[in-house]
Amino acid sequence: MASLARVEAREASEAEAAKADQKARQEAVQAQIAAAVDAAVAEERAKADGNAVEAAPTSPGGGGNVAPDIDWNAVPVTDLTLFYPGQASFEWVQNGKTHGGARPLTKGGDACTTCHAKEVTAIGTKIVAGGEIEPTPIPGKRGTIDAAIQAAHDDENLYVRLQWPDTGHNPVPFVDGGKMDPDNQVKVAMMITGTGIEMGETTGCWASCHADNTYMPFDPGAEAIAANADVAGRLEAKDTITKYLTESRTKVEIKGRRGKAQGGWDKLKPVEEIDQLLADGTFLDLLRVYADGSSSNGYLLDRRVANDGEMAAEASLSSGVWTVVFSRPLKSGAPGDVPLEPGKVYTVGFAIHDDYAAARFHHVTFDTSLALDDEAAQINVSKQ
């Protein structure tokens with residue numbers, strides 16, 4: 001009993017220290033955002049006085065043309081830590097040999113956050129340094145990103161704002177020029193989980209990350225993709241395989257026994273079955289914003305698809321803080337758009353590609369709840 005008491009005391013002390021560290025980091029982010037807002041306001045005033053020689057970027061405190069009527073000061077702020085996941089695929093997390101939480105996840109119905117909510121910083125820091133699930137580490141890349149996320153709605157649209165501190169450039173050693181996506185210093189994605197997705201509510205966007213995607217351990221490569229012309233044609237794939245859902249395949253190899261490649265990129269279901277899944281709402285709604293403020297609306301099912309759903313966005317970097325604001329209709333009716341309704345709770349995921357990153361070299365959230373006017377949700381989309 002005495003030994004147990006000592007262990008509990010030590011764990012309590014460590015938990016308190018971790019909580020204090022997280023709070024300090026979040027406060028530092030908020031302070032940096034506030035400083036960026038002050039700097040942008042000062043620049044705008046100087047411009048109004050005729051003293052500015054260049055146009056000021058969009059203020060981190062505003063919504064620009066995307067959300068002109070939203071008072072962000074009245075919208076609740078959710079502090080989320082996005083972490084670096086490496087090659088931890090959907091197959092990896094379901095395999096007991098690689099992931100100790102595989103059984104609670106697949107058999108017990110636990111969410112990722114059930115075990116890892118307090119370990120996000122430690123996980124990201126460990127993975128980014130290199131090891132089993134990061135064979136190609138990028139020197140200097142940060143393991144986590146602390147972001148402030150806000151969401152609001154009116155009678156027609158959803159509005160989302162993300163803010164986070166910029167980082168210095170750390171060249172990628174295995175890419176010419178050191179930038180994986182030189183045209184985009186940052187990219188932001190939000191995924192909304194549809195219906196009928198295996199472990200979709202407990203894993204969120206992890207359901208689309210497979211071991212045979214690009215830069216993953218079982219990436220088939222351009223030659224193998226070209227050799228399977230029928231599937232490659234349907235996937236519009238040449239050199240790489242985009243993310244997809246298990247539901248779109250006839251089989252996905254999880255364990256990799258007897259040397260089998262994990263994943264199932266080439267086990268594509270017939271077109272009519274894919275179409276039915278889309279009609280049933282079995283997809284991940286995908287909203288993306290790029291560094292220049294352009295955006296794309298789409299979904300993930302058999303591959304990454306751009307649809308005709310409405311979307312508006314803007315992005316700016318001011319005083320060391322990135323601000324991304326985007327909007328979309330609550331109910332667009334477009335294929336691949338999850339309708340957002342009061343009284344329902346949705347599982348969402350966010351991803352940030354910073355420092356010209358691409359593919360899996362991003363930072364992500366675990367399963368996150370979002371709801372309209374519901375303070376119990378992690379992200380409360382408040383009415384404006």
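Me: Is K344 buried, exposed or partly exposed?

Reply: K344 counts as partly exposed, at 43% relative accessibility. Buried means under 20% relative accessible area, exposed means over 50%, and partly exposed is in between, with a 1.4 Å probe and protein chains only. Before we go on: this is a predicted model, where local features need pLDDT of at least 70, side-chain atom pairs count only at pLDDT 80 or more, and totals for chains, interfaces and linings use all residues. Residues are numbered from 1 along each chain as its sequence is written, and side-chain values use heavy atoms, with hydrogens and water left out.

Me: Which side chain does K344 meet in a salt bridge?

Reply: That of E341, at 3.3 Å from N to O. A salt bridge here is a side-chain nitrogen of Lys or Arg within 4 Å of a carboxyl oxygen of Asp or Glu. E341 is partly exposed, with a relative accessible area of 23%.

Me: How many salt bridges are there in the whole structure?

Reply: A search finds 11. One of the pairs is D354 with R142, whose closest N and O atoms are 3.1 Å apart.

Me: Where do D354 and R142 sit in the chain?

Reply: In distant parts, 212 residues apart. D354 is in the loop between β10 and β11, and R142 is in the loop between α5 (120–128) and β2 (144–153). Helices (H or I, at least four residues) and strands (E, at least two) are DSSP runs, numbered from the N terminus.

Me: And is D354 buried or exposed?

Reply: D354 counts as buried, because its relative accessibility is 3%.

Me: Switching to α5. Which residues of that helix are buried?

Reply: V120, I123, G124, I127 and V128. Down the axis of α5, these buried residues fall within an arc of 115°, so they line one face of the helix. The arc is that of the directions from the helix axis to the C-beta atoms.

Me: What's on the face turned away from the buried side of α5?

Reply: The exposed residues A122 and K126. As for the buried residues of α5, what covers them includes β1 (78–83), α4 (112–116) and β2.

Me: Which residue follows α5?

Reply: G130, with a positive phi near 105°.

Me: Now the core. Which members of the largest nonpolar core touch the most other members?

Reply: V160, W164, M190, F326 and F350, out of 75 residues. A nonpolar core is a set of buried Ala, Val, Leu, Ile, Met, Phe, Trp, Tyr and Cys residues joined through side-chain atoms within 4.5 Å. There is also a second, separate core of nine residues, including L235, A237, W265 and L268.

Me: Last one: where is Y356 found?

Reply: In the loop between β10 (345–353) and β11 (363–364). Y356 is buried, with a relative accessible area of 16%. Leaving aside neighbours within four places in sequence, Y356 is in contact (heavy atoms within 4.5 Å) with residues including H169, K179 and P182.
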